[in-house]
Amino acid sequence: MTHFINFVMKVKQFLYLQKHLYLCQGLMKMKKWYGGLLIMALCVMLFLLYSLNGIPPQKQSTKQSAYSFFNNNSPPNDSIKGSSNVEAASFNAELKRIAKPTKRPHLVHVAGLDDLYDTKNLSEGEMNVVLAWTHLRSLLSRSDALPEMAQGVKEASVAWKELLATVENDKASKISKIDSPENQNCPFSVTTLGKTVEDSGITLNLPCGLIIDSSITLIGIPNEQNSSFQIDLTGQELEEEPHPPIILHYNVSLPGENMTEEPYIVQNTWTNDFGWGKEERCPARGSANIHNVDELVPCNVQAVRNNYEENVNVGQPTSDIPSNISSESAHRTGNFPFSEGNPFTATLWVGSEGFHMTVNGRHETSFAYREKLEPWLVSTIKVAGSLSLFSVLAKGLPVTEGNDLAVDVENLKAPSILRKRHFLLIGVFSTGNNFERRMALRRSWMQYEAVRSGEVVVRFFIGLHKNNRVNLELWREAQAYGDIQLMPFVDYYSLISLKTIAICIVGTKIIPSKYIMKTDDDAFVRVDEMLSSLRGKSPDGLLYGLISSKSSPDRDKDSKWYISDNEWPYDTYPPWAHGPGYVISRDIAKFVVFGHQERKLQFFKLEDVAMGIWIEQFRNSGKEVHYENDERFYNAGCDSNYILAHYQSPRMVLCLWEKLQKEHKPECCE
């Protein structure tokens, strides 16, 4: 308001000055030259006097650019409506956040990007799987790219060229090469039996990686001398890298005959770029990671009586315990899951957040996934060290369903796009080898009448895999069902916000829809209830889901969700909706697409929080936003009367669908 008043005063002063100048000009036309000189002198004196006293000087602090004015003043009509639980005080505080103007990012050369856009040999039908690529190209070239974007693009270009070559060979060959690796299905399990581990170790290949709930079970006996052994889960070997990354290094060290040493387990990762990461040790020391993983402790600290303690209980004096073993050492030895000469059964299983080890039926350790080292990248199990190994069994591996053998394949295909405008586009985040999850969705909530009629469109958004067999299976699946959109980058967790932008692109430019929804491939969506809820909500400025109004950045550098001050310098986030499922209106989606293509919006690696940040900027542009909170969006598990249930396995997804069909009630299966 102060700026506006100053502006009005200046206008009045200018008009007043202009009036007097016109008077001076009229007097100058007098025929008497001396009269003209007199009047000119008076005009000059008037001008100087007005310049010195008429316009008050402005303080430097009151200067404000148009950018800062429109981004730092809240619209008068912003409010929180509907069933939202977002508090107004928190909401208004967000509006006062000052956005620092930043230099607009420029476009840079990205290695491999041109190779990704070599699609000249693809048919029109095959191009349907890469519809968003053209619109994503400028995003992948931005100078403010996400940290793993360049690597994700480069590795994707290698995978893409290999995939296209394989597809071309299939087309050229009249007889399928049944024995070739590309034509062998991903197996459910692999195993090796009865070997003694040598220095070189035992290697077991995983043709299509790991998925959540995959497990690796080892049965063996640590040797009685120099009893240390290692289990390494390694990634795909690449030509330009001398060694594959170690996605999990599990090292068990036993004291052997040295009774003064304590046994321990070390978990870590290794990459060509950064070498060894920060190790996590059990038993834990003071620096151990205190965060639970999938609600399980990183190190089991359960007290278990050891042999020495049992002997004390039956009357043996404490002094009989060897003096070179402290009571704490004896306790830890008794509690330790591995011991020399004793057989064990150890199962390493894949959770949502990390790897977990169970030994002889008891949980022992957990290890959170690290960036660019997700379980789907594992291609090899290697066991080495002093160990007699009876068997290694990996099961629950990703498997494909033969598209030519599926009896209901026609009923599972995506309906043709016939409408000019759809009511809802549902974009589902998935990864390449999650074949079973996608099939479960096709056989369950994707069978709603609204989906089969085309009112609602469902598409899977999937990055390329570094494994060519997985990519080929994914390609065949995409051609069979017509509901997959491939992404021009490798599916790293830190790049998932690019998928969010891709969903907005598809929902506004390719399959125009009134509303756009994002969800995951382990979520069950009650499409009928979703449509019923949306029909009573605003068609503009909508964010609908489980809204978080009070959250702060995770500043723990060891956390998967770590955000630095450079990435987000504020103490709190704007309101955002939890990632397992949320809906935005078309105008917000268009704002997101345009803002990124014009390089006016910043990238942010947490995709659900990123959407909240972009919506805040949408509000700051003068638009009204409706934050609609609905607690029936369950971001962890299921509860009665759900509208969305998360963390549902394929079996649970099919069970939920069966309950709805038979009992017509939104009840959970467990």
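At 7% relative accessibility, Cys282 counts as buried, where buried means under 20% relative accessible area, exposed over 50% and partly exposed in between, computed with a 1.4 Å probe on protein chains only. The structure is a predicted model in which local features need pLDDT of at least 70 and side-chain atom pairs count only at pLDDT 80 or more, whereas totals for chains, interfaces and linings use all residues. Residues are numbered from 1 along each chain as its sequence is written, and side-chain values use heavy atoms, with hydrogens and water left out.

Cys282 forms a disulfide with Cys299, the two sulfur atoms lying 1.8 Å apart; a disulfide is taken as a pair of cysteine sulfur atoms within 2.5 Å. The torsion about the S-S bond of Cys282 and Cys299 is about -75°, so this disulfide is left-handed. The pair links distant parts of the chain, with Cys282 in strand E8 (residues 280–282) and Cys299 in the loop between E8 and helix H8 (307–313), 17 residues apart. Helices (H or I, at least four residues) and strands (E, at least two) are DSSP runs, numbered from the N terminus. Cys299 is also counted as buried, at 13% relative accessibility.

By the sulfur distance rule, the count comes to 4 disulfides. Among them is the bond that joins Cys186 to Cys208, with an S to S distance of 1.9 Å. Its S-S torsion is about -75°, so the disulfide of Cys186 and Cys208 is left-handed. Cys186 lies in the loop between helix H7 (149–172) and strand E1 (190–196), and Cys208 in the loop between strand E2 (202–205) and strand E3 (215–222), so the pair ties together parts that are 22 residues apart in sequence. Cys186 is buried, with a relative accessible area of 4%, and Cys208 is buried at 3%.

A further disulfide joins Cys655 to Cys669, with an S to S distance of 2.0 Å. The torsion about the S-S bond of Cys655 and Cys669 is about -110°, so this disulfide is left-handed. Cys655 lies in helix H18 (residues 650–663) and Cys669 in the segment after H18, so the pair ties together parts that are 14 residues apart in sequence. Cys655 is partly exposed, with a relative accessible area of 23%.

Aromatic contacts were examined next. The structure holds 18 aromatic pairs, where rings of Phe, Tyr and Trp (its six-membered ring) pair if their centres lie within 6.5 Å, and planes under 30 degrees apart count as stacked, over 60 as edge-to-face and the rest as tilted. One of these pairs is Phe229 with Phe338, whose ring centres are 5.5 Å apart and whose planes stand at 85°, so the pair is edge-to-face. Phe229 belongs to strand E4 (residues 228–234) and Phe338 to the loop between helix H9 (327–335) and strand E9 (344–350), so that distant parts of the chain, 109 residues apart, are linked.

Tyr448 is in the loop between helix H11 (435–442) and helix H12 (449–452), while Trp657 is in helix H18, 209 residues apart. Tyr448 and Trp657 are both buried. Elsewhere, ring pairs link Tyr117, Trp133, Trp160 and Trp475 into a cluster.

Charged side chains also meet aromatic rings. The charged end of Arg281 sits over the ring of Tyr264, 4.1 Å from its centre; the criterion is NZ of Lys or CZ of Arg within 6 Å of the ring centre and within 35 degrees of the ring normal. Lys518 places its charged end over the ring of Phe429, at 4.5 Å from the ring centre.

Helices H11 and H18 pack at an angle of about 5°, with their axes 9 Å apart. Axes are lines fitted to C-alpha atoms, for helices over the stretch in contact, and angles run from 0 to 180 degrees between N-to-C directions. H11 and H18 are therefore roughly parallel to each other (angles under 35 degrees count as roughly parallel, over 145 as roughly antiparallel, 65 to 115 as roughly perpendicular and the rest as oblique). Glu436, Arg437, Ala440 and Leu441 of H11 make the contact with Pro650, Val653 and Leu654 of H18, contact meaning heavy atoms within 4.5 Å. H11 is mostly covered, with 7 of its 8 residues buried.
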